[in-house]
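Please open the model in your viewer and keep the sequence beside it, so that each selection can be followed in both. The tour below goes from one selection to the next and says what is there.

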Amino acid sequence: MMRLKIYDVALGIVKAIGGLLPLVQRQDPDLARQMRRASTSIVLNLGEGVHSRGRNQAARFQDAMASARETTSCLEVCIALSYLESKELERLLDQLDRVVATTWKLVHRR
């Protein structure tokens with residue numbers, strides 16, 4: 001099965017988010033659910049996109065990019081509400097930026 005290198009990074013993000021969810025869940029169950037859905041959507045859309053073609057492929061990669069941005073926003077809200085500490089999330093936020101940059105390139109390649 002063909003896989004993008006960024007797919008493994010995205011799986012690592014899902015694993016890291018999974019470890020944070022219990023902390024967020026205690027404070028804000030809705031935000032925890034939203035963060036879980038957004039982070040898993042990154043991986044699911046990358047997996048679907050790699051086996052799609054044309055506009056459908058670009059759409060799936062665009063969806064993965066949007067989900068990565070949504071996951072970033074969820075984490076930023078967690079920091080703003082003091083559910084999580086920003087220094088603990090630096091690496092995870094960097095990985096999300098990497099996913100956004102890579103998927104942007106996938107969407108805009110010619």
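Begin by selecting arginine 60 and aspartate 63, which both lie in helix α3, three residues apart, or about one turn of the helix. In this predicted model, the two form a salt bridge, with their closest N and O atoms 2.8 Å apart. Arginine 60 is buried, because its relative accessible area of 16% is under 20%, whereas aspartate 63 counts as partly exposed at 30% relative accessibility.

Next, select arginine 33 and aspartate 30, which are both in helix α2 and are likewise three residues apart, about one turn of the helix. Their side chains meet in a salt bridge of 2.3 Å, N to O; here aspartate 30 is exposed, with a relative accessible area of 52%, while arginine 33 is partly exposed at 35%. The count of salt bridges comes to two.

Now turn to the largest nonpolar core, which has 34 residues, and colour Val24, Met35, Leu46, Leu75 and Leu84, the members that touch the most other members. Helices α1 (5–27), α2 (29–50), α3 (54–80) and α4 each supply at least two residues of this core, and α1 gives the most, with nine residues.

Stay with leucine 46 and show its surroundings: leaving out residues up to four places away in sequence, leucine 46 touches Leu4, Ile6, Tyr7, Ala10, Phe61, Ala64 and Thr103.

Finish at leucine 106, in helix α4 (residues 86–108), which is buried with a relative accessible area of 14%. Beyond its neighbours within four places in sequence, leucine 106 is in contact with Leu4 and Phe61.

Notes:
Residues are numbered from 1 along each chain as its sequence is written. This is a predicted model: local features need pLDDT of at least 70, side-chain atom pairs count only at pLDDT 80 or more; totals for chains, interfaces and linings use all residues. Side-chain values use heavy atoms; hydrogens and water are left out. Helices (H or I, at least four residues) and strands (E, at least two) are DSSP runs, numbered from the N terminus. Buried means under 20% relative accessible area, exposed over 50%, partly exposed in between (1.4 Å probe, protein chains only). Contact means heavy atoms within 4.5 Å. A nonpolar core is a set of buried Ala, Val, Leu, Ile, Met, Phe, Trp, Tyr and Cys residues joined through side-chain atoms within 4.5 Å. A salt bridge is a side-chain nitrogen of Lys or Arg within 4 Å of a carboxyl oxygen of Asp or Glu.
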